Amino acid sequence: MSRELGRSGVAVPPLGLGCAPLGNLYRAVPETEAQDVLRTALATGARYLDTAPHYGVGLSEERIGRALRGRDRATYTLSTKVGRRLRPLAPGEQAEGEGFVDTPARARVRDFTRDGIRATLDASLERLGVDAVDIVYLHDVEHHLREVYETGFPALAELRDQQAVRAIGFGMNHSGLLAGLVADLDVDVVLCAGRWTLLERTAFDDLLPVCARRGTSVVVGGVYNSGLLADPAPGAPYNYAPAPPDVLARARQLSEVCAEFGVPLKAAALRFPFGHPAVASAVVGAATADEAAQNAALFTHDIPDTLWHTLVARGLLGPDLPLPTADPGARP
């Protein structure tokens, strides 16, 4: 069941596809495999595609554009981001990969001006091959708050007022900063990565109460905390670095309790954020078609309510945290 983002009229399915891997994040994904990922995601219900110019300096958007060619625009929801404008590399200039490999010869430029926001979105629309996207996020603005308040958000709000885009918001990892932006500005939706998970309640304490009060929806990213909740083995990453021993131990305990109920840890991690009523969707990445199919299967995995209560009883979840229902598409 799709959920509306704030009062925007934009609806998203509860499971979406995070398209950073399609921009060759950490490893090159062949074009045929990228197209298989997108086809599989759309066929299995992940009809919300989230991308950004940052993802492979436009490669992710270009691949999505090829996959969506000829598709009925009403059958999917699409979001991209602004704040990083792309330009061609100068002669002899080396691109900064920022984690992406084998990407087009382009550079990223931080740009929160009115003209820069519009030019960035226009270029994204051209790469995506669509007349409009449904949602635009200001991306990773934690070091650019002055520009956001002075020019970036007013430019995005103007585009919404002109009905060039239907829903606007912010996307980043810092839930406290997101909370301040939601409190101050007319935001439809935020994409918060890694701060509302089985391992981390930060957003529950700062962002989610403000979103509930303001009627702002939350899209959750990073449900596996960069990999630890996918496979809590020694050396597993947490926030893009090796997990500290205490965090690794807690993740392993979560996995052990899930195993008692026959539930994959990844399924529990994917379902957990939906306990809060402000959460509208979760976007999960996939670099292969099998991973995209697995995301869909995990999302609908049968999880008994007793699992959540057992995690609370054993001190692995706080007793004040909202717990998800058995139906991942239902409102809590």
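Colleague: Which residues have the most contacts inside the largest nonpolar core?

Modeller: This is a predicted model, in which local features need pLDDT of at least 70 and side-chain atom pairs count only at pLDDT 80 or more, while totals for chains, interfaces and linings use all residues. Residues are numbered from 1 along each chain as its sequence is written, and side-chain values use heavy atoms, with hydrogens and water left out. A nonpolar core is a set of buried Ala, Val, Leu, Ile, Met, Phe, Trp, Tyr and Cys residues joined through side-chain atoms within 4.5 Å; buried means under 20% relative accessible area, exposed over 50% and partly exposed in between, with a 1.4 Å probe and protein chains only. The largest such core has 95 residues, and those with the most contacts inside it are Leu-138, Phe-170 and Leu-198.

Colleague: Which elements do the buried residues of α11 pack against?

Modeller: Helices (H or I, at least four residues) and strands (E, at least two) are DSSP runs, numbered from the N terminus. In helix α11 (residues 305-313), the buried residues are Leu-307, Trp-308, Thr-310 and Leu-311. They cover an arc of only 160° around the axis, taken from the directions from the helix axis to the C-beta atoms, and therefore lie on the same side of α11. Through contacts (heavy atoms within 4.5 Å), these buried residues pack against α8 (245-260) and α9 (265-271).

Colleague: Is Tyr-26 buried or exposed?

Modeller: Most residues other than glycine have a negative phi. Tyr-26, although not a glycine, has a positive phi of about 75°. Tyr-26 lies in the loop between β3 (15-18) and α1 (31-43). Its relative accessibility is 57%, so Tyr-26 counts as exposed.

Colleague: Is Asp-140 buried or exposed?

Modeller: Asp-140 is not a glycine either, and has a positive phi of about 50°. The loop between β8 (135-139) and α4 (145-161) holds Asp-140. Because its relative accessibility is 17%, Asp-140 counts as buried.

Colleague: How many residues does strand β7 give to the lining of the second largest pocket?

Modeller: On a 1 Å grid over the protein atoms alone, a pocket is an open set of points with protein on both sides within 12 Å along at least five of seven lines, and lining residues have an atom within 4 Å of a point. The lining of the second largest pocket includes Val-57, Arg-84 and Glu-93. Its residues divide into four nonpolar, one polar and seven charged. Strand β7 (residues 106-110) gives the most to this lining, with five residues.

Note on methods: On a 1 Å grid over the protein atoms alone, a cavity is a set of points where a 1.4 Å probe fits but cannot get out, and a pocket is an open set with protein on both sides within 12 Å along at least five of seven lines; lining residues have an atom within 4 Å of a point. Ala, Val, Leu, Ile, Met, Phe, Trp, Tyr, Cys and Pro count as nonpolar, Asp, Glu, Lys and Arg as charged, and the others, Gly among them, as polar.
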